[in-house]
Amino acid sequence: MPSPEQLDANKEHTLVLVKPDGFKRGLTGEVIRRIEAKGYQLKGLKIKHASEELLQDHYFEHKEKHFFKDLLEYMQSDLVVAMVVEGDRVIEGMRNLMGNTNPTLAAPGTIRGDLGRDWGTGNVENIVHGSDSPASADREIALWFPELVWKE
């Protein structure tokens, strides 16, 4: 049995997801290109259909909101690309690289500003997700990459 991959506990990590709209449009490579061009390193990468259980755990803070059911359906509508990204101040850097959550308001030069738009579906189809804090990153990485362990 292979040993688990290790993440350096002295480095900052974040979870980045290419959502179903980004995957369907063939934008995964462009998202990865931008991450790597920024100087960040991929430490985990997988393509998968996200289970309802995984998504409920991932989006638990939205459970009581009116859009929760639609969000789960949207995130299960196609494959999702999950990545663990490493780098100095990577959480803040990735949030800036992704741009405003609303693709209509996202600045040009950002992933959402250049590649996203409002498709009129009622869902926020904004290509990518990124952890918003170190605590969220740790929780989300553990959900999507349980095989990764932290190296002290």
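These legends go with close-up views of a predicted model.

Four strands make up an open sheet here, lined up in the order β3-β4-β2-β5 with antiparallel pairing. At the edges you'll find β3 (41-48) and β5 (128-130); each has a single partner strand, so one side of each goes without a neighbour in the sheet. From one strand to the next, the twist averages 15°. Helix α7 (residues 134-144) packs on this sheet and touches β2, β3, β4 and β5, with its direction at about 55° to that of β2. As a reminder of what holds such an arrangement together, strands of a sheet pair through backbone hydrogen bonds, either parallel or antiparallel.

**View B. Strand β2 and its two partners.**
Let's zoom in on β2, which covers residues 13-18. On one flank, six bridges tie β2 to strand β4 (residues 80-86), and the two run antiparallel. On the β5 side, three bridges do the joining, again with the strands antiparallel. V16 is a handy residue to look for: M83 stands opposite V16 in β4, and G130 stands opposite V16 in β5. Further along, V18 has V81 as its bridge partner in β4.

**View C. Both faces of β2 under cover.**
How many of the six residues of β2 are buried? Six of the six are, so the strand counts as mostly covered by the under 20% cut-off for relative accessible area. The cover applies to both faces: H13, L15 and L17 are buried on one side, while T14, V16 and V18 are buried on the other.

**View D. T14 and the residues around it.**
T14 sits in strand β2. Is T14 buried or exposed? With a relative accessible area of 0%, T14 is buried. Its side chain makes a polar contact of 3.4 Å with the side chain of S131. Setting aside neighbours within four places in sequence, T14 is also in contact with a list of residues that includes M83, V84 and V85, along with V90, I91 and M94. A137 and I141 are on that contact list too, and both of these are among the buried residues of α7.

**View E. The buried face of helix α7.**
Which residues of α7 are buried? They are S136, A137, E140, I141 and W144. Looking down the axis of α7, these buried residues fall within an arc of 125°, so they line one face of the helix. Over on the other side of α7, P134 and A135 are exposed.

In general, side chains of opposite charge can pair when their charged atoms come close. Why are R33 and E30 about one helical turn from each other? Because they are three residues apart in helix α2 (residues 28-37). Both are partly exposed: R33 has 45% relative accessibility, and E30 has a relative accessible area of 24%. R34 makes a salt bridge of its own, this time with D114, where the closest N and O atoms are 3.0 Å apart. That pair links distant parts of the chain, since R34 is in helix α2 and D114 is in helix α6 (residues 111-115), 80 residues apart. R34 counts as buried at 12% relative accessibility, whereas D114 is partly exposed at 38%.

K43 is partly exposed, with a relative accessible area of 35%, but E86 is buried, at 8%. As for the residues of the previous view, salt bridges that share partners join E30, R33, R34 and D114 into one network.

Methods: Residues numbered from 1 in each chain as written. Predicted model: local features only at pLDDT ≥ 70, side-chain atom pairs only at ≥ 80, totals over all residues. Heavy atoms only, no water. Buried < 20%, exposed > 50% of the residue type's maximum accessible area, 1.4 Å probe, protein only. Polar contact = N/O pair within 3.5 Å; in protein donor to acceptor, adjacent residues only side chain to side chain. Contact = heavy atoms within 4.5 Å. Pairing = 2+ DSSP bridges. Axes fitted to C-alpha atoms, helices over the stretch in contact; angles between N-to-C directions. Salt bridge = Lys/Arg side-chain N within 4 Å of Asp/Glu carboxyl O. Arc of directions from axis to C-beta.
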